[in-house]
Amino acid sequence: MIKVQQVGALTPPLLKMIQSGGAEPFMEGDGRVFAYHIGASSVGDVIDIVRNHTRGGIIVLDRSTEAFSPEPRSTVGLLEAVPDGCRVVVLCQNHDYVRAARALGDDRLTAVFMHSFLRTMWWTFRRADLDALIARRRPEATPDKLYTCLLNRPRTAKIVVFGWLKARGYLEAGNVSFRGDPAARDAGKYDELVAKARTHFPSFNREIDTALAAEWPYANFAEEERESFIYSVGVPAYDAPVSLVVETEMVQNFERFTEKSLKMFAAGHRGVIAGNSGVLRLLKEVGFTTPGFPGDYDRIRNQDARLRTVLAEFDRYMVMTPAERRDFIDDTWPECLANMRAFTERTEAVMARSFRELEIACERSRWSARPEPDPVPWRRAARSAA
């Protein structure tokens with residue numbers, strides 16, 4: 001048996017330990033287990049890593065910082081590359097991929113849901129001053145900005161939402177950022193993004209034009225250094241009562257959530273989430289609620305219609321009178337507070353389940369070591385730069 005443990009519970013999360021991926025394992029464990037960080041590596045590169053593994057045993061492919069598309073090459077193709085005497089366990093954020101890999105019914109390849117950003121948010125939040133955060137978010141301390149919308153990197157849906165906010169005259173009413181990417185724009189890569197935005201969201205052509213005519217990058221609040229901006233819920237941008245979250249995907253077969261949605265709950269916000277269909281269901285399974293917003297859009301399959309419904313739900317909040325908005329914020333505060341107070345417990349429960357599934361996957365292998373008297377944590381490979 002191998003006991004798989006979370007590494008460094010009292011140190012920065014695993015995500016921060018991994019500075020580079022590639023063809024060498026960044027971590028090794030008793031029972032001949034070798035973990036490779038594959039991040040956003042191409043399917044071809046991942047297959048090469050597996051095919052060239054010469055150590056035998058269990059190969060753990062850590063893609064817990066990313067999704068993994070459940071296409072035949074990433075499942076059947078990966079299975080065909082598994083060397084004799086090896087077994088592969090893929091860790092990823094995409095529930096669809098986990099189901100697809102397990103559906104192959106071959107013991108040499110399986111997948112486990114694991115979410116490094118969830119771990120990062122858990123590690124960040126459990127060290128935050130919760131009482132101070134609550135004091136900043138409670139209704140009587142609500143500042144004059146009405147919402148937060150951090151769009152960061154350009155994606156098709158983010159271009160649309162930025163244009164919609166500008167067209168509606170809402171930009172200055174909230175804490176909004178849209179980094180854009182001048183280098184990508186200069187390289188002509190935006191043409192492809194814009195074309196996809198028009199294809200996937202055909203009813204938003206006017207809003208897309210508005211976004212393209214705007215000045216990028218855009219941020220109407222004081223940003224802190226990048227790491228805090230991405231992971232922390234204490235940045236000034238979150239001193240608002242509501243979040244408009246635009247997830248990484250809206251049109252792909254990735255059944256997942258990212259840190260973008262998690263920060264909304266950690267911040268004690270009410271909010272709507274523009275993401276793939278089913279994202280709210282996944283978050284509710286973790287235990288979170290979206291106070292004040294019913295989230296009926298979560299079941300809409302067509303992304304254009306889903307985004308229209310998301311923005312209509314958000315718009316109902318924006319057009320409230322000051323008195324209506326105050327009542328809305330007051331009435332929904334208990335639920336927001338419950339999300340904040342239970343954040344670490346809820347996220348830790350998900351992580352515990354993920355690590356237990358990984359442990360079971362390793363235990364099933366005939367290459368596992370004999371039981372140890374005490375749990376033995378994985379160790380980083382000495383030759384690794386991680």
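How many residues does helix α7 have, and how far does it reach from its first C-alpha to its last? In this predicted model, α7 spans residues 156-168, has 13 residues and reaches 19 Å between those two atoms. That reach is close to the 18 Å expected at 1.5 Å a residue.

**Helix α7**

- Of the 13 residues of α7, 10 are buried, so the helix is largely enclosed by the rest of the structure.
- The buried residues in α7 run through Thr-156, Ala-157, Lys-158, Ile-159, Val-160, Val-161, Phe-162, Gly-163, Trp-164 and Leu-165.
- Gly-169 follows the helix and has a positive phi, near 75 degrees.

**Aromatic pairs**

- The whole structure contains 17 aromatic pairs.
- One of these joins Phe-201 and Phe-204, whose ring centres are 6.4 Å apart with 80 degrees between the planes, an edge-to-face arrangement.
- Phe-201 and Phe-204 are both buried.
- Phe-314 and Tyr-317 make a tilted pair, because their planes stand at 45 degrees, with 6.3 Å between the ring centres; planes under 30 degrees apart would count as stacked and those over 60 as edge-to-face.
- Phe-314 and Tyr-317 belong to helix α14 (residues 303-318), where they are 3 residues apart, about one turn of the helix.
- An α-helix has 3.6 residues a turn, so residues three or four places apart point the same way.
- Phe-314 is buried, as is Tyr-317.

**Aromatic cluster**

- Phe-314 and Tyr-317 also belong to one aromatic cluster, together with Tyr-147, Trp-164, Tyr-170, Phe-293 and Phe-328.
- Trp-164, a member of this cluster, is among the buried residues of α7.

**Charges over rings**

- Arg-308 places its charged end over the ring of Phe-204, 3.8 Å from the ring centre.
- Arg-325 has its charged end over the ring of Tyr-317, at 5.5 Å from the centre.
- Tyr-317, below the charge of Arg-325, is the tilted partner of Phe-314.

**Ser-177**

- Strand β7 (residues 175-178) includes Ser-177.
- Ser-177 has a relative accessible area of 0%, so it is buried; the cut-off is under 20%.
- With neighbours within four places in sequence left aside, the contacts of Ser-177 are Cys-149, Leu-150, Leu-151, Asn-152, Tyr-218, Ala-219, Phe-221 and Phe-229.

Technical notes: Residues numbered from 1 in each chain as written. Predicted model: local features only at pLDDT ≥ 70, side-chain atom pairs only at ≥ 80, totals over all residues. Heavy atoms only, no water. Phe/Tyr/Trp six-rings, centres within 6.5 Å; stacked < 30°, edge-to-face > 60°. Buried < 20%, exposed > 50% of the residue type's maximum accessible area, 1.4 Å probe, protein only. Helix = DSSP H or I, 4+ residues; strand = E, 2+ residues; numbered from the N terminus. Lys NZ or Arg CZ within 6 Å of the ring centre and 35° of its normal. Expected span 1.5 Å × (residues − 1). Contact = heavy atoms within 4.5 Å.
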